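Here's a quick briefing to read alongside the model. Keep the sequence and the 3D view open as you go.

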Amino acid sequence: MDKTVRGMYCLRCSSKQVVRGSLGESARFYPLRGFFKAILGKPVFINDQYSHACLDCGLVWNELETGALKKNIRSFGLAPHSTGVMRVVRDDGSH
């Protein structure tokens with residue numbers, strides 16, 4: 001294909017068959033939370049206008065601001081089984 005993104009590889013299967021596209025205007029990421037935290041929690045907005053998709057395995061990915069994601073998780077929490085992630089989120093990022 002002549003419209004694939006030059007120099008980009010799929011994060012899952014390492015294929016070079018990656019195309020650029022968009023998830024749409026309301027692209028949001030909702031961290032997995034317990035039921036009550038999910039009701040109160042807010043999404044993290046995806047800040048990159050472009051998404052990428054692999055033509056071979058179907059993986060779609062984008063980027064969001066890590067600071068916004070960590071702040072969101074500190075404020076609203078995660079699912080109870082995510083304690084290892086919470087140790088990373090509680091770090092103040094000063095290293």
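What follows covers the sheet, the core, the cysteines and a few single residues.

This is a predicted model, so to speak of local features a pLDDT of at least 70 is needed, side-chain atom pairs count only at pLDDT 80 or more, and totals for chains, interfaces and linings use all residues. Residues are numbered from 1 along each chain as its sequence is written, and side-chain values use heavy atoms, with hydrogens and water left out.

**The sheet**

- Three strands form an open sheet in the order E1-E4-E5, with antiparallel pairing. Strands here are DSSP runs of E with at least two residues, helices are runs of H or I with at least four, and both are numbered from the N terminus. Two strands pair if DSSP finds at least two bridges between them.
- E1 and E5 are the edge strands, each pairing on one side only.
- E1 (residues 18-21) and E4 (residues 51-54) run antiparallel and are joined by four bridges. Within that pairing, Gly21 has Ser51 in E4 as its bridge partner.
- On to the next pair: two bridges link E4 with E5 (residues 60-61), again antiparallel. Here Ala53 sits opposite Val60 in E5.
- The hairpin of E4 and E5 has five residues between the strands, and Gly58 there takes a positive phi near 90°.
- As background, strands of a sheet pair through backbone hydrogen bonds, either parallel or antiparallel.

- Which residues make up the largest nonpolar core? There are six: Val5, Cys10, Val18, Cys54, Leu59 and Trp61. A nonpolar core is a set of buried Ala, Val, Leu, Ile, Met, Phe, Trp, Tyr and Cys residues joined through side-chain atoms within 4.5 Å.
- Buried means under 20% relative accessible area, exposed means over 50%, and partly exposed is in between (1.4 Å probe, protein chains only).
- Cys10 is in contact (heavy atoms within 4.5 Å) with Ser15, Val18, Cys54, Cys57, Leu59 and Trp61, not counting residues up to four places away in sequence.
- His52 belongs to strand E4 and is buried, with a relative accessible area of 9%. Leaving aside neighbours within four places in sequence, its contacts include Val5, Met8, Arg20 and Trp61.

**The cysteines**

- How many disulfides does the structure hold? Zero, taking a disulfide as a pair of cysteine sulfur atoms within 2.5 Å.
- Cys13 is in no disulfide, and its nearest cysteine sulfur is that of Cys54, 3.7 Å away.
- Cys13 counts as partly exposed at 37% relative accessibility, whereas Cys54 counts as buried at 5%.

- The charged end of Arg20 sits over the ring of Tyr50, 5.2 Å from its centre. The rule for that is NZ of Lys or CZ of Arg within 6 Å of the ring centre and within 35 degrees of the ring normal.
- Ser14, in the segment before E1, has a positive phi of about 65° although it is not a glycine.
- Leu40 lies in helix H1 (residues 35-40). Is Leu40 buried or exposed? Leu40 is exposed, with a relative accessible area of 59%.
- The C-alpha atoms of Leu40 and Phe76 are separated by 7.2 Å, and the two residues are 36 residues apart along the chain.
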